[in-house]
Amino acid sequence: MAERTGMVEKRGAGLWLTHLGLIIGLLFIFFPIWLAFVASTVDQQEIVRPPMPLWPGDKLWENYSEALLSGVNAPVAWMMLNSLVMAMGIAIGKIIISLLSAFAIVYFRFPGRKTFFWLIFLTLMLPVEVRIVPTYEVVAGFGMLNSYSGLIFPLIASATATFLFRQFFMTVPDELAEAARVDGAKPMRFFWDILLPMSRTNIAALFVILFIYGWNQYLWPLLITTDPSMNTIVMGIKQMFPSGDDIADWPVIMATSILAMIPPVIVVISMQRLFIRGLVDSEK
Amino acid sequence: MATVSLKNIKKSFGKTDVIHGVDIDIQEGEFIVIVGPSGCGKSTLLRMVAGLETITAGEVHIDDRKVNDLEPMERDIAMVFQNYALYPHMTVAQNMGYGLKIAGRPKDEIADRVDTAAKLLQLEPYLDRRPRELSGGQRQRVAMGRAIVRKPAVFLFDEPLSNLDAKLRVQMRLEIKQLQRRLGVTSLYVTHDQVEAMTLADRMIVMNAGRADQIGAPLEIYANPATEFVAGFIGSPPTNFFSADLVQTPQTDAKTLGVRPEHMEIVTENARLSGEVLYCEALGAETLVHVRVPNEQVLTVRQSAEKPQPSEGTPIGLNWSANDQMGFDENGKRR
Amino acid sequence: MEKRVTFKGIWLPLLLVLPQIAITAVFFFYPAGQAIWQSLFIPDPFGLSMQYVGLGNFEFLFSDPFYRASFLTTAIFSILVTVVSMGIALYLAVLADRLIKGSGVYRTLLIWPYAVAPAVAGVLWLFMFNTRVGVVTWYLGLLGYDWNHVLNGEEAMGLVVVASAWGRISYNFLFFLAGLQAIPKSVIEAAAIDGAHFWTRFRTIVFPLLSPTTFFLLVVNIVYAFFETFGVIHTITSGGPQQSTTILVYKVYSDGFVGQDLGSSAAQSVVLLVIVGLLTIVQFKFIERRVHY
């Protein structure tokens, strides 16, 4: 009988096997991260003479402070700030323009509304990777290379968030807007007093997704930030590898890798519920 | 308090006409119920008065002001919605005071008026709660409170009780009526429930397919329906209709005859119609006897429970007084 | 689907959509149009003028053995990444779904890699398999296997596939777990009462009921493998050795920015554009179907 209940309810040996299976999976997931962490706590000598230790050493403080304060090309603290500005800029910028335009297309009838709707629909289809060369030329033409606006604007130009908010606004009962009209609320007042507070959860969920999207960008910052002081941390790691046959400064590189994953990991874990919701919403 | 008058109001969506011209003059403090089946245009009519739908043709006057092109807020009306339309993120007090806040009234005055309304509706203990923490009946009261606080000239109700269970509906119906009497505010009330209409209305408008079939006091309409539709819609169980040829003493100009179930009587002789008992529904105080007549139609007789209940399959006769017989022509108009 | 309520006004809504219109026009439509336009021209060697060549760039592109090889590389890469990451994720999700208590803890731990950028994932895996200092390389050496992805194309492909799939497990796991938890327990209990064993139940009931999720993930993962794995490839192999890991997106980058061949790069962008279009249509067809359920 115990075996038959299988998936319905596991007890005894079966339960332990299930846990064992999951733990093997966790090892596969965490081994690379663990190794990077260990490497960030030992000195270069212990790494270049393989095999490297599998338990953390005592150089954590030295490696991280070296990475943060001087890095290889630029201090990692500075690169993290750049990443933060970029991720926040993309998340906040995209949320603002999307909220406004979704409000317009759902609650107004204006000339060009259908056209606008289809135009932004098209943008859903093209990731920035596909149009990098001409986009680069546009950004260069505006003199926005090595600038925050150059990092942020091209990545805001997509309509996923607009669609998300449109979907949500459509589910807001019509009567709520009517009640607001009867109460004398003008459109922007309704937007501000009623629609925005009601969208709080959606906004937060989307923020989590967009923050990670922005923080983890690689190709775009690689193209437009030639000045090391404008590098973001995720793309800056690769720049820390020496060209040619020199040995890489692994402890500092690995400390940087760990630093690069800390903010998004904190966001994902601490806002897990919102994150999962955002993930599911944005794929609907 | 105000008078409201509708002058030949029409509405069309694109090429489809949904309201074909409605006229009524409403007195100060009067309680008007617009009743009809779903899709008859009753909500659209109310929403045109509210200013939520544009008026295709005709005029709406509130007091002596033509309001066709005014925003809802400028019309001095308040509205109670079917699903209450409470702002989910605001407390009860904030919901009720929102209109006043937008109008820029001082905080003290808002708090005062909200308190007064809350007292009237027994909502005081709930002022700091949010709508989702309230029961259906309480939400309904908050929606009413939001309307009262504004001290409008006209109340508009759009099926305000249809989301409540049967028992609560009866109770709230009574409360609405008392409240309206007490405040004396002119009211327009939309419902599909003819019982609600009968019990609430000073006068009612019976709508059918975009037309006002009849306007009048409930009992007057009940006793004297102007069309076949009104006779069938008002009263439960509905009026029995049958072809005029079926009875021996035909009303010459009528195509269809109608007799209310309570006006029919089961008799053994002098029957105007004969039939066979299909089944009986004993409801306690009264019994509904369903009778199959020669053309296979089934008519209903409503009789007191004290009367003997015929068994199924018994052949019986039906009789009624000539005064209670209503004749309708081929267009459903009363003859 | 339309709202019944609308506010009046023309200028206000136009003002509201203006920021999005402006940004999208400048940073999206203009560059996309440029890509299409440029794909029809070849710049002269000095970059002073452009010569119209019609579909010449495309003809040249498809006659280029490297480009055709890149197509094949992309196909192999995408299929492997999708199969590996979805396989592992499904395995973990099925296990987690069997737990009555504690599946939340595993979920919290398993979503970590989602937060790790593909480029960082690349660095982590590169470190483990580094030919000089990599731990895994060293242990493989002990077993007599000489790992060298810098020289061996198949090993390079294997490494970028594993690194890309690793970062994608969380995403797939979350959707699979949600899909599994949405299957009514009564259906599974009924099957258990009918005497079906675990594997039979999974094959005949769970997996078919999970198919909408699986199909959705299939499309989404292919899109991911196509476009979002640039960071992994760039950090680990830079497309090498001998272009054995040069997927299409990487080639657009290397031809356009490293090789400065704008016409070809633009034509490649247009090809990618068509591929994304097709994938999007597949995805929407699917969503449409899901709505009808």
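Where in chain B is B:Asn270 found? Hold that thought while I do the housekeeping.

This is a predicted model, where local features need pLDDT of at least 70, side-chain atom pairs count only at pLDDT 80 or more, and totals for chains, interfaces and linings use all residues. Residues are numbered from 1 along each chain as its sequence is written, and chains are lettered from A and ligands numbered from 1 in the order in which they are written.

Okay, back to B:Asn270. You'll find it in the loop between β13 (265-267) and β14 (273-282) of chain B. Most residues other than glycine have a negative phi, and most peptide bonds are trans. B:Asn270 counts as exposed, with 7 C-beta neighbours inside 10 Å. The scheme there, with C-beta atoms placed from the backbone: 20 or more other C-beta atoms within 10 Å of a residue's own is buried, 12 or fewer is exposed, and in between is partly exposed.

B:Pro237 belongs to the loop between α8 (228-233) and β11 (240-243) of chain B.

Now chain C as a whole. We've got 13 helices and 2 strands. Its C-alpha trace spans about 75 × 75 × 30 Å along the principal axes. Chain C has a radius of gyration of 24 Å, whereas a compact globule of 293 residues would be near 19 Å; that's taken over C-alpha atoms, and the globule rule is 2.2 Å times the number of residues to the power 0.38. Of the 293 residues, 44% count as buried.

Last stop, the interface. How many residues of chain C are in contact with chain A? It's 86, against 82 residues of chain A, where contact means C-beta atoms, placed from the backbone, within 7 Å. Helix α1 (residues 11-38) of chain C gives the largest share of the chain C side, 19 residues. That side divides into 64 nonpolar, 17 polar and 5 charged. Nonpolar is Ala, Val, Leu, Ile, Met, Phe, Trp, Tyr, Cys and Pro; charged is Asp, Glu, Lys and Arg; the others, Gly among them, are polar.

Conventions:
Two residues are in contact if their C-beta atoms, placed from the backbone, lie within 7 Å. Helices (H or I, at least four residues) and strands (E, at least two) are DSSP runs, numbered from the N terminus.
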